[in-house]
Amino acid sequence: VDEAGYPPFLIGPGDILNITVFGEKDLPSIYLVDSTGAIVFPLVGDLHLAGLTQGKAGEELAARYSKYQKDPQVTVLITETAQYTISVLGNVARPGKYRIRGLPNLLGAIAEAGGPLAHSSLNSTVLVRGETRTALMLGDYLSYTSSGLKPQPLLYPGDVIYVPPSPWPTIGEWGIVMGILTSALVL
């Protein structure tokens with residue numbers, strides 16, 4: 001967990017990595033993490049990287065590669081991930097699982113699911129991350145304040161966003177309720 005409380009992005013099977021070793025121009029730079037979570041790196045051989053952050057993977061590879069280069073500087077970047085799915089459920093146009101690319105934010109994910117339906121309780125939205133449930137007020141992310149827009153929470157693999165239906169009746173339902181109440185008063 002970083003200083004903002006977000007879990008780190010971890011390397012997993014199916015990810016595509018861009019790995020550079022400073023001063024080594026002849027090494028390939030693109031690697032696919034296999035189904036066991038490993039890559040095959042020249043001179044080093046099999047290297048299990050699943051579950052590591054980009055920084056830790058770079059440190060691990062540098063430690064193993066130090067036999068061939070003194071104090072190697074290794075950079076590992078996840079360029080494409082095969083595991084990044086989140087779920088958007090509840091009162092949205094197209095509930096389901098979505099693959100996220102780019103900056104994964106809350107409003108973008110809800111928009112990807114077709115947006116909330118007319119009778120959604122936007123200020124009772126819930127973000128589920130593992131065992132943690134966080135109540136979100138979507139209106140806060142759409143309203144300007146003196147300091148600008150409130151930063152949206154970033155989404156992580158496996159997150160679930162639930163947009164509940166509004167507990168209040170719709171305008172049409174209010175009409176029916178008022179009609180019933182008026183009928184009762186007349187009687």
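Select strand 1 (residues 16-21) and strand 2: three bridges join them, and the two run antiparallel. Strands here are DSSP runs of E with at least two residues, helices are runs of H or I with at least four, and both are numbered from the N terminus. Two strands count as paired if DSSP finds at least two bridges between them. Within this pair, look at N18, which stands opposite I30 in strand 2.

The model is predicted, so local features need pLDDT of at least 70 and side-chain atom pairs count only at pLDDT 80 or more, while totals for chains, interfaces and linings use all residues. Residues are numbered from 1 along each chain as its sequence is written, and side-chain values use heavy atoms, with hydrogens and water left out.

The three strands form an open, antiparallel sheet in the order 2-1-5. Strand 2 (30-32) and strand 5 (74-80) are at the edges; each has a single partner strand, so one side of each lacks a neighbour in the sheet. On average, neighbouring strands of this sheet are turned by 30 degrees against each other, direction ignored.

Next, select helix 1 (residues 54-65). Helix 1 lies across strand 1 and strand 5, at about 135 degrees to strand 5. Axes are lines fitted to C-alpha atoms, for helices over the stretch in contact, and angles run from 0 to 180 degrees between N-to-C directions. Contact means heavy atoms within 4.5 Å.

Show L17, I19, I39 and F41. Of the 18 residues in the largest nonpolar core, these touch the most other members. Such a core is a set of buried Ala, Val, Leu, Ile, Met, Phe, Trp, Tyr and Cys residues joined through side-chain atoms within 4.5 Å. Buried means under 20% relative accessible area, exposed over 50%, and partly exposed in between (1.4 Å probe, protein chains only). Helix 1 gives this core its largest share, four residues. Apart from this core lies another, of 17 residues, including V88 and L155.

Strand 6 (residues 85-90) and strand 10 (residues 160-163) run parallel and are joined by four bridges. S87 has V160 in strand 10 as its bridge partner.

Finally, select D159, in the loop between strand 9 and strand 10. Is D159 buried or exposed? D159 is buried, with a relative accessible area of 1%. Not counting residues up to four places away in sequence, D159 touches residues including T85, S87 and R129.
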